[in-house]
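Here are my notes on the model you sent over. Have it open while you go through the points.

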Amino acid sequence: MENFCVNCDCKLTAFNENYPLWNKSEARLCSKCQKKADFFLSWVYSQESALDFYNNSKQNLVEAGFSPHGISYLENYCRFVDDAKLAKDNARNEENLTDITKASPSPENKVAKILTITARAIFILGFVVGFFMLSDSLRLAFSYWVGAFICGIFFIGIAEIIKLFQKISDK
Ligand SMILES: [Zn+2]
């Protein structure tokens, strides 16, 4: 496939070909026109808005010998730069947003946590003690197991209520 410089229409060969200035662009400048453009493009990234730069420097580009086609190519390049800057800013803003949501997670209620741990301890302790009572009396073992179960459930219930209230107060 033959390529031509978008500015001077000269045929592009391996010796004077330049890569497209931006993604998804097939149009390219010859190395000679690229050299002319570089003088202007070196400013583009330092500008707040690349299109502002293009609008202010259009006359300079004409004086530098850029064809209308070559100038529109550079205009598109400026648009691309602005879009890239915008995308970068958006990505940064989104990052900040996720940082904010990450920075303030609803802290797990300490009391609820202690109650849950206590309930687990009661379950385990009740089961183990009941197990040792098993050799003495089945009835005694059962009463330990049932007692530990009811007591543990009671603690878990209170913990759940506290978590629920925490959730409501967080909203
Ligand atoms: Zn050229």
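1. Residue numbers start from 1 along each chain as its sequence is written. Keep in mind that this is a predicted model, where local features need pLDDT of at least 70 and side-chain atom pairs count only at pLDDT 80 or more, while totals for chains, interfaces and linings use all residues.

2. On the fold: the protein chain has five helices and two strands, and their order along the sequence is β-β-α-α-α-α-α. The radius of gyration of the protein chain is 36 Å, well over the 16 Å from the globule rule for 171 residues, so the chain is more spread out than a compact globule. (That radius is taken over C-alpha atoms, and the rule is 2.2 Å times the number of residues to the power 0.38.) Along the principal axes, the C-alpha atoms fill a box of roughly 105 × 35 × 20 Å.

3. On domains: the assignment gives domain 1 (3-103) and domain 2 (110-170), with bounds that come from an automatic or database domain assignment. The C-alpha centres of domain 1 and domain 2 are 69 Å apart.

4. On burial: buried residues make up 18% of the 171 in the protein chain. Buried takes 20 or more other C-beta atoms within 10 Å of a residue's own, exposed 12 or fewer, and partly exposed is in between, with C-beta atoms placed from the backbone.

5. Why does F142 count as partly exposed? Because F142 has 13 C-beta neighbours inside 10 Å. From F142 to D52 is 90 residues in sequence and 84 Å in space, C-alpha to C-alpha.

Note on methods:
Helices (H or I, at least four residues) and strands (E, at least two) are DSSP runs, numbered from the N terminus.
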